[in-house]
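This report looks at one helix and at the nonpolar core to which it contributes. Please keep the sequence and the model open while reading.

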Amino acid sequence: MIVLKIENVKEFMSQLFMGDMFDRFHVSSCDVTTFVTFQAAGKLHPEWFDSDERPGDKSGLAVWQQLKPMIFSIIKGKKTPGKMRIDFCHYMENGDCGSLRVQYENEELLLFTGYMQKEFSLSKEKEMQWDENCLSFIRKKEIASTQLS
């Protein structure tokens with residue numbers, strides 16, 4: 001696990017909500033606190049969709065592109081949210097799951113990486129590879145950050 005402090009919160013939020021940076025990422029959960037706390041579980045309900053609209057994705061989770069307009073409508077305005085947490089995840093072919101948490105609180109924006117293996121292993125190789133992939137992604141998108149751990 002690594003923790004990154006994002007240096008330019010406004011720029012990152014612009015990319016998160018106005019750009020397509022995270023559009024293909026699955027969302028396991030999202031919490032936004034304004035005058036109340038809004039919570040969204042990323043689990044899709046396939047029965048809600050018409051048969052021709054059903055997502056072909058096997059994860060059963062919404063992608064950020066689907067949730068982004070609704071979450072943005074909650075936070076847009078003159079006041080910034082008190083808190084915001086978005087948990088992105090990526091399921092690997094082997095059943096493992098990598099995660100990236102975006103957490104905003106007290107005017108500070110942090111990114112946390114995580115990795116869960118389907119089967120127990122003492123090896124941290126896959127976790128370290130996921131962390132490095134996340135760092136490469138952030139660098140490629142030219143997001144200024146400081147690694148805290």
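## The helix α3

Helix α3 spans residues 125–140, and its 16 residues reach 22 Å from the first C-alpha to the last, close to the 22 Å expected at 1.5 Å a residue, where the expected span is 1.5 Å times one less than the number of residues. Helices (H or I, at least four residues) and strands (E, at least two) are DSSP runs numbered from the N terminus. This is a predicted model, in which local features need pLDDT of at least 70 and side-chain atom pairs count only at pLDDT 80 or more, while totals for chains, interfaces and linings use all residues. Residues are numbered from 1 along each chain as its sequence is written, and side-chain values use heavy atoms, with hydrogens and water left out.

Buried residues of α3 are Glu-127, Trp-130, Asp-131, Cys-134, Leu-135, Phe-137 and Ile-138, buried meaning under 20% relative accessible area, exposed over 50% and partly exposed in between (1.4 Å probe, protein chains only). They lie on the same side of α3 because they cover an arc of only 160° around the axis, taken from the directions from the helix axis to the C-beta atoms. The face turned away from this buried side carries the exposed Glu-125, Met-128, Arg-139 and Lys-140.

## The nonpolar core

The largest nonpolar core has 35 residues, of which Phe-12, Leu-16, Phe-22, Trp-64, Ile-86 and Phe-88 touch the most other members; such a core is a set of buried Ala, Val, Leu, Ile, Met, Phe, Trp, Tyr and Cys residues joined through side-chain atoms within 4.5 Å. Helix α3 gives the most to this core, with 5 residues.
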